[in-house]
Amino acid sequence: MANLDDLIGRRVSLRYRLATDPTEPTPRRGPTMTDAVGELASDGPDAVLVHTRRGVVRVLRAAVVAVRAIPPPMPRRAPWAAVARLERLCSDAWPPVHRVDIGDWRLRAADGFTGRANSALVTGDPGVRIGEALALLREFAAEHSIPPMAQVAMDSPWERALRQQGWVPHATRDAGAEVSVLVGELDAITAPPEPAGAEPRIRAEPDEQWWRLVLGEHPATLAQRHVLTAPGLAHTGFGIARRDGVPVAAIRTAIVQDHLYVARLNVLPEHRRIGLATALMGAAARWAVDRGAGWCVLQVAVHNTAALQLYRRLGFAQHHGFRYLRPPPDPAQPA
């Protein structure tokens, strides 16, 4: 049998013995072994984790009968209708200050605070000619003193339509060039025990400590307060985790329909890699389940590899990706 530790991080097929109850006088009928297929991760010296499509399976190393590496699965693209629904759901959870709808397009502005709240969410038919819709987008952006920009799912019909009009990819300061949209079942999110004294809590209102952890020492602008508190939503949450009694990590949560939307998960640099981010994710999952949510969605810049690794360890998988597009450069303007 292959060495388990040599296969950490790879997709495997793992066969293991099912646990039995030694107190039963007669052994139960049925299979004594089963298989798990997915990405292998270590869970300490005694166990491993297999991240399957149905969730995370924990297996004692002593119960492993056989394991082998297998090729990665063929990628399956989510239907465009599902992509559009999830994009609109995320937009509802991160509301702009100003919004105008043109058919299935959402024109959004929030004084420049994040690309998600200051771009046109393009997810379908604007109901007018594409050129007319883009002209309205430009007018809206000029009216609110923001650059014209569109958020589109990668390789979607909507991206192709804008590319045909000459629009080109644009890297934003907060998201970079591409963003991964991850989803996971709340019941399947696994987290190790919380660090001692972390005390992660999700509260209904942000306090000054939360604002400082999320935005630094600068006071929040009206636009930032609007986007982050989302006054139109029934459930928004603001979490803090502590170290030695001092707040050092924060998270922002919101529930839209059956989804928990997570954003602004931030741990102060000197307090990272001790489990505080994971503890806050666990607290957010419990908070959301108590309010009827079943799924979690979050948007992560693809260059943020540390965050992507964290979420994959928690059982998240990519649903789709998006990027921002901007109008073609004006040849009359200097480069």
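The side chains of Arg58 and Asp43 form a salt bridge, with an N to O distance of 2.6 Å; the term is used here for a side-chain nitrogen of Lys or Arg within 4 Å of a carboxyl oxygen of Asp or Glu. The structure is a predicted model, in which local features need pLDDT of at least 70 and side-chain atom pairs count only at pLDDT 80 or more, while totals for chains, interfaces and linings use all residues. Residues are numbered from 1 along each chain as its sequence is written, and side-chain values use heavy atoms, with hydrogens and water left out.

By the salt-bridge rule, the count comes to 12. Arg58 sits in strand 4 (residues 55-60) and Asp43 in the loop between strand 2 (33-42) and strand 3 (47-52), so this pair ties together parts 15 residues apart in sequence. Helices (H or I, at least four residues) and strands (E, at least two) are DSSP runs, numbered from the N terminus. Asp43 counts as partly exposed because its relative accessibility is 32%; buried means under 20% relative accessible area, exposed over 50%, and partly exposed in between, with a 1.4 Å probe and protein chains only.

A second salt bridge joins the side chains of Arg85 and Asp258, at 3.4 Å from N to O. This pair links distant parts of the chain, with Arg85 in helix 1 (residues 80-93) and Asp258 in the loop between strand 14 (246-256) and strand 15 (259-267), 173 residues apart. Arg85, at 35% relative accessibility, is partly exposed, and Asp258 is partly exposed with a relative accessible area of 29%.

Turning to another pair, Arg323 and Glu159 meet through their side chains in a salt bridge of 2.6 Å, N to O. Arg323 belongs to strand 17 (residues 317-326) and Glu159 to helix 3 (residues 157-164), so the contact ties together parts that are 164 residues apart in sequence. Both Arg323 and Glu159 are buried. Elsewhere, salt bridges with shared partners connect Asp92, Arg99, Asp101 and Arg106 into one network.

A disulfide is a covalent bond between the sulfur atoms of two cysteines, and the criterion applied here is a pair of cysteine sulfur atoms within 2.5 Å. A search of the whole structure finds 0 disulfides. For Cys90, which is in no disulfide, the nearest cysteine sulfur is that of Cys296, 9.6 Å away. Cys296 is likewise in no disulfide, and its nearest cysteine sulfur is that of Cys90. Cys90 counts as buried because its relative accessibility is 2%, and Cys296 counts as buried at 0%.
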